[in-house]
Amino acid sequence: MRWFILGVGLLLWSCGPISERKQPPPNLQQLAQSDLDLSGEQLANGYCAACHLKPEPEILDKLTWQTKVLPDMRKRMGLYLEEDFGTALPEDEGVPPGIYSKAQLISRENWQKLETYYLENAPEKPLPQAKSETPKVGIPGFELEIPEFPFVRSSLTTMLRVHPKSGNLWVGHRFRALYVLDSKKKFSQIDSISTPVAPVEIRWKSDESFDLLSMGLMDPANDSLGVLSTYSTSDKTNWNFSVQEKLIRPAHVEFAEWNGDGTEDYLISHFGNHVGKLSLYLSKSGAFEEVILKKDPGARRTIAIDFDQDGDQDILALMTQAKESVILFENEGGGKFQERVLLAFHPAFGSSDFRYQDMTGDGLPDLILVNGDNADQSQILKYYHGVRIFKNTGEGEFEESWFYPMHGASGLEVGDFDLDGDMDLVSISFFPDKNQQPKQDLIYFRQSSSGKFEPHILANSPGFHWLTISQGDVDLDGDQDLLIGTFAFDQLYKPPTDTWKPFVILRNRVK
């Protein structure tokens, strides 16, 4: 009788829309112990959805499914075939225990049916992008500036921020350095500060000290080299002390007061690789106590916001990797949070960045998201990569209201850049289509009317590879400039021979 109930539950769960599913899907152990006669599609509905949102066959081409994604999925379920003999095991490649099951969770027969379902329904070639408005050449109101530096240094920018008071530029470098550049003197170097590892986030304090988050290895890794440090300056001598060490490849830190004791707390996105977590550090008796909100890898960015308007700070989190989603953690007090998934995406979606701002002027903040991460098992052009707005319909619900396809979309800034009273967008791509014409690795979207966005690209793109984007008032004239950091892959593993080209500026000339 137990297997009958499981089978009926699986069939009903896999057929209903997500919004109507009241029961969680069966887990892998339950599926492995069943002897149900299911089709390949039904097996996919069960096995894939046991770990994440089920990917449909059309999201990848047949070759990518066959040679990359399906073999990895099979090994994660503990099924090894003769073709795997002589190849490296996951543990040989540094994968921690528990990621790939030691127990076989699917039979050969069922695996063959599941595999056939994907291969028979996948396209021969990756599906093309949907037709979209061709970008206009030239970005209105902005002037491109490429600062020139007379010395040789690797152009490997990991962080780019504008100091809100001075307008000076703070540049993080992959090779453990933080540079301070004078925006009033052609970005001449004011200071150079050694850092434990590559800087990715900074927060200045009122006393000119600052908090700095350093990532560790940028390449996919499960290391715990990340550090959150506080730096102070005395007599032009920089020193630091560690707030948190042994962070798992952290990508973002958010500061707010979450537990109501009047002391600021902080939230770290341990992106990791196979392992990671989303950790909240709450003040307690002069120290900080870690509360793990999610034990999954892929935490990318968080936003502290009073989402339910009850007077305390809630959390919006972008989770990437396999379990891609935007999650609300609703503050219930006492360090307790109620988790609710606002948006969920399939594991190849490639979420990269997001914001929570009112894009329509109706008083309700919307979710803006870019997806284009393309560095894992399926490095092909994907038709669903791009920039999206999910409109806030009220009562905490969101629905997609605008999409612009953009291969490899990876970074996002939102603001009223043209000062006309509505919000505009700008996005960069770390994984663009190199053959696409015109080149679309940096697109400015001007909101011409409510919900209507005009795409614009650079008239003379310098041909750099973009990694970071930020906004700030560099010249202190009252409008927001755009700063885009470069990352030269060919300088990663060999001494540099070219002069330093760490960033470009789009100076806002509206005012």
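1. A contact here means heavy atoms within 4.5 Å. In this predicted model, among the contacts with a separation of 6 or more, 52% are made by residues 24 or more positions apart.

2. The overall dimensions are as follows. The C-alpha trace of the protein spans about 75 × 60 × 55 Å along its principal axes. The radius of gyration is 24 Å, which agrees with the value near 24 Å that a compact globule of 511 residues would have. Of these 511 residues, 53% count as buried.

3. As to secondary structure, the protein contains 5 helices and 29 strands. Two of the helices, α4 (residues 62–76) and α5 (residues 108–121), have axes that come within 10 Å.

4. The axes of α4 and α5 cross at roughly 150 degrees. Angles over 145 degrees count as roughly antiparallel, and α4 and α5 are therefore roughly antiparallel to each other. The crossing of the two helices is right-handed.

Notes. Residues numbered from 1 in each chain as written. Predicted model: local features only at pLDDT ≥ 70, side-chain atom pairs only at ≥ 80, totals over all residues. Heavy atoms only, no water. Axes fitted to C-alpha atoms, helices over the stretch in contact; angles between N-to-C directions. Helix = DSSP H or I, 4+ residues; strand = E, 2+ residues; numbered from the N terminus. Parallel < 35°, antiparallel > 145°, perpendicular 65-115°, else oblique. Left-handed = near helix turned anticlockwise from the far one by under 90°. Rg over C-alpha atoms; globule rule 2.2 N^0.38 Å. Buried < 20%, exposed > 50% of the residue type's maximum accessible area, 1.4 Å probe, protein only.
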